[in-house]
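Okay everyone, thanks for coming. Let me put the structure up, and then I'll walk you through a few spots in it.

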Amino acid sequence: MIDLYAMVSPNVQKIYLMLEETGLAYTPHQVNIWKGEQFRPEFLALNPNAKVPVIVDGDGPEGRPYTVFESGAILIYLAEKTGRFLPPEGIARHDTLQWLMVQLTGLGPMLGQFNHFCRFASDNAYAVSRYTTEAARLYRLVDDRLGRSRYLGGEAYSIADMATFPWFRTEARLFGQTHPFMGVGSAESPNLWRWFHEIATRPAVEKALEVIDRHPSTLATATTDEVDRVFGRGQYARRS
């Protein structure tokens, strides 16, 4: 049994997808970040970086419980544990890892900032322009890749796709498929949306999304102080 410490963010959704695709038994534990539950000592003992997702694998290396944090590390760990969704060697493995890193270092951070400034700080014209431009560039990058390859890592569905899919799903749900903020939609990104809809109809993905949607975001009920704490603003801003 795997314990998954979770919320509804795209980084956590990746792990739901992987667990459902592999058929590993798991129990989700919701962490309310707006209430500061990620800063509790018992959670910091699992992840000193105070972020979800985290898994605790009761049947880890050498048959002992093992804790893994950071979504990319979790995906690689589960792929190697099950021997699925990450080629064991050769060009296919390297291609998959490269596109996984594109998500971890580019798509995730940039779409995250695009989302943040468009939704919570739209008066910052420079930030909105910067992250809108970068988000649109990344859409074109992914669309170009998927015009040459069925999946991000190659011809086989992999952890690179699982890592990337939730970010586009979240953007589509927040802003609509036509993305009025960027002018990027199905007409501009046909390969991306072909890939998106193919993944969305996978049985394991449909099941994972059903589980995810049972736990809606608690942002709507968070106080201004709680939001400030998570965003590191107001009295929680650090100067050095």
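**A few side chains up close**

Let's start with Glu226, whose side chain is joined to that of Lys35 by a polar contact of 3.1 Å. By polar contact I mean a pair of N or O atoms within 3.5 Å; within protein, one must be able to donate a hydrogen and the other to accept it, and residues adjacent in sequence count only if both atoms are side-chain atoms.

Before I go on: this is a predicted model, where local features need pLDDT of at least 70, side-chain atom pairs count only at pLDDT 80 or more, and totals for chains, interfaces and linings use all residues. Residues are numbered from 1 along each chain as its sequence is written, and side-chain values use heavy atoms, with hydrogens and water left out.

Back to Glu226. You'll find it in helix H9 (residues 224-231); helices are DSSP runs of H or I, at least four residues, strands are runs of E, at least two, and both are numbered from the N terminus. Glu226 is buried, with a relative accessible area of 11%, and buried means under 20% with a 1.4 Å probe, protein chains only. A polar atom of its side chain also lies 2.9 Å from the backbone nitrogen of Thr223. Leaving out residues up to four places away in sequence, Glu226 touches Trp34, Lys35 and Thr221, where touching means heavy atoms within 4.5 Å.

Next, Asp143, in helix H5 (residues 125-148). What Asp143 does have is a side-chain polar atom 2.9 Å from the backbone nitrogen of Leu192. Beyond its neighbours within four places in sequence, its contacts are Glu188, Ser189, Pro190, Asn191 and Leu192.

Last stop, the rings. There are 13 aromatic pairs, meaning rings of Phe, Tyr and Trp (its six-membered ring) with centres within 6.5 Å; planes under 30 degrees apart are stacked, over 60 edge-to-face, and the rest tilted. One of them is Tyr16 with Tyr26, edge-to-face, at 6.0 Å centre to centre and 75° between the planes. Tyr16 sits in helix H1 (residues 10-22) and Tyr26 in strand S2 (residues 26-30), so the pair ties together parts 10 residues apart in sequence. Tyr16 is buried at 1%, and Tyr26 is buried at 15%. Elsewhere, Tyr139, Phe165, Phe168, Trp193, Trp195 and Phe196 form one aromatic cluster.

How values were computed. Buried means under 20% relative accessible area, exposed over 50%, partly exposed in between (1.4 Å probe, protein chains only).
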